[in-house]
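I opened the model today and kept notes as I went. The entries follow in the order in which I looked things up.

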Amino acid sequence: MKIESINSTIRSERVAAHSHIKGLGLDENFVATSATKPCGLVGQESAREAAGVVVDLIKNKKMSGRAVLLAGPPGTGKTAIALAIAQELGPKVPFCPMVGSEVYSSEIKKTEVLMENFRRSIGLRIKETKEVYEGELTELTPEETENSLGGFTKIISHVIIGLKTVKGVKQLKLDPAIYESLQKEKISVGDVIYIESNSGAVKRVGRCDAYSGEYDLEAEEYVPLPRGEVHKKREVIQDVTLHDLDVANARPQGGNDIMSMISQLLKPKKTEITDKLRNEINKVVDGYIEQGIAELVPGVLFIDEVHMLDIECFTYLHRALESTIAPIVILATNRGECMVRDTETVAPHGVPSDLLDRLLIIKTLPYSPQEMVGIIRIRAQIEGLSIEDQAIVRLGEIACQTTLRYAVQLMTPANVLRQVYKKESITVSEVDELRDVFWNAKRSGQFLACHDSSFMH
Ligand SMILES: Nc1ncnc2c1ncn2[C@@H]1O[C@H](COP(=O)(O)OP(=O)(O)OP(=O)(O)O)[C@@H](O)[C@H]1O
Ligand SMILES: [Mg+2]
């Protein structure tokens, strides 16, 4: 099994609508306080406190194989709370968000999509003691020679680097392939790096703290000059998910001829991960865990809009939750009583009752007018809008009469109007003007009811 060069398959996502959410904002007794820790969340205390208990269970590894359902009306912060849970868990615990409708694809089986996401949410922390060369990079000189194939080009024959630790300095002559990985990691003189001696894998630990204060504003992580010799044994910790392992070990099918290469390009790589491969990987992982090399880190699989799953997926989910290595599953839905997809039965939240029975349900409740104003104020801050207080209050009123989402959506256009009118900040008049320009669902529905005959049917 390959583990040296595993690329992480975590999807990077920009959730602009939730960019103000920084955590659950609970104190050590799981009591929701926005005063002590600004977390971006307003109100919804009991749901946040319940989510805090879930986070604690996850951190203490007591939640594996269980599932939580966030249920409540639209726009009451279910997705926001799930993302806050992810923030609380930190970057080392895998968190895999998906939407129920993602399972429907013409190429991949529904259960395959679920299985893949299950494996994305189970982490493995691999600890290994490896022989490494570690130190601050003091020199990086690629040596060039004439290209033996002729022409005027030059190729890099080897690279000379210098590594410095508290104890001494060592000069190393490296293969040109390692030079490439040095460039890929954007390593420059002054960085603390280590190179694994048997695989040649290069890792950048950070910038040496002798260089701190180089810039006024910086996004660097500074690390002290390593102690000990340059060549030594070092504990290397790697966080991967089971899906990362699947992808890294999936062998491309076919030979080396052009046709099979083209078919590889056309075929999505996902189909190459077979059950056989997964079983093999599970076996190796089990072995690692038994030997104490690796530790399982059950993460979170978050399925939003879970009522979009059909009975086949629900049955699969039910079984998967019972397997020995299962992540914590967090579901969210805004549906009340509705049909379970692909069946004739009506069930609460569109989730079959046997699965519902296993779930811990966290309710989210509609917001009070003050809470709506609070949320709008935070959004205005995050979007960097200059807006008068009265305009925020007016948006709060609009949110009460219509929906929070509608009110939040008016904010960016209001800023455009402010620029048109060359005003310092957004006032009530821009908000009112926009309210007449952009209709909300209710008003549009009422208009339809009155003027139904003028529409095509
Ligand atoms: N308590 C809160 N504090 C701060 N912002 C919130 C809070 N609740 C919701 N929001 C924000 O309001 C917007 C709508 O919330 P969200 O998308 O979480 O609702 P939802 O319950 O998932 O709705 P749906 O059922 O339609 O998916 C988002 O931008 C969200 O970040
Ligand atoms: Mg949502």
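**Entry 1: Glu112.** I looked up Glu112 and found that it counts as buried because its relative accessibility is 19%; buried means under 20% relative accessible area, exposed over 50% and partly exposed in between, with a 1.4 Å probe and protein chains only. The model is a predicted one, in which local features need pLDDT of at least 70 and side-chain atom pairs count only at pLDDT 80 or more, while totals for chains, interfaces and linings use all residues. Residues are numbered from 1 along each chain as its sequence is written, chains are lettered from A and ligands numbered from 1 in the order in which they are written, and side-chain values use heavy atoms, with hydrogens and water left out.

Glu112 sits in helix α3. Helices (H or I, at least four residues) and strands (E, at least two) are DSSP runs, numbered from the N terminus. Leaving aside neighbours within four places in sequence, I found Glu112 in contact (heavy atoms within 4.5 Å) with Ile273 and Arg278. The side chains of Glu112 and Arg278 are joined by a polar contact of 3.2 Å. A polar contact is a pair of N or O atoms within 3.5 Å; within protein, one must be able to donate a hydrogen and the other to accept it, and residues adjacent in sequence count only if both atoms are side-chain atoms.

I then checked the rest of the helix. Of the 11 residues of α3 (residues 110-120), 10 are buried; among them are Lys110, Val113, Phe118 and Arg120.

**Entry 2: Lys232.** Which strand holds Lys232? I found Lys232 in β9, which covers residues 231-241. The side chain of Lys232 comes within 3.0 Å of the backbone oxygen of Arg227. Beyond four places in sequence, the contacts of Lys232 include Lys130, Glu131 and Val132. Thr129 is 103 residues away from Lys232 along the chain, yet their C-alpha atoms are separated by 9.9 Å.

**Entry 3: the nonpolar cores.** A nonpolar core is a set of buried Ala, Val, Leu, Ile, Met, Phe, Trp, Tyr and Cys residues joined through side-chain atoms within 4.5 Å. The largest one has 31 residues, and Leu24 and Ile330 touch the most other members. At least two residues each come from α1 (45-59), β1 (67-71), α2 (78-89), β11 (300-304) and β12 (328-333). Helix α2 gives the most, eight residues. Another core, of 27 residues, lies apart from it, with Val103, Ile108, Ile303 and Phe314 among its members.

I also listed the contacts of Ile330 beyond four places in sequence; Val68, Leu70, Ile85 and Phe302 are among them.

**Entry 4: ligand 1.** Around ligand 1 I counted 19 residues, of which Val42, Lys78, Thr79, Tyr367 and Arg405 come nearest; a residue is near if one of its heavy atoms lies within 4 Å. A polar side-chain atom of Tyr367 is 2.5 Å from a nitrogen atom of the ligand. For His18, an N or O atom of the side chain is 2.9 Å from a ligand oxygen. At Ala17, a polar backbone atom is 2.8 Å from an oxygen atom of ligand 1. How much of the ligand does the protein bury? Taken alone, ligand 1 exposes 620 Å², and the protein buries 94% of that; the areas come from the Shrake-Rupley method with a 1.4 Å probe, and for residues only the protein chains shown count as cover.
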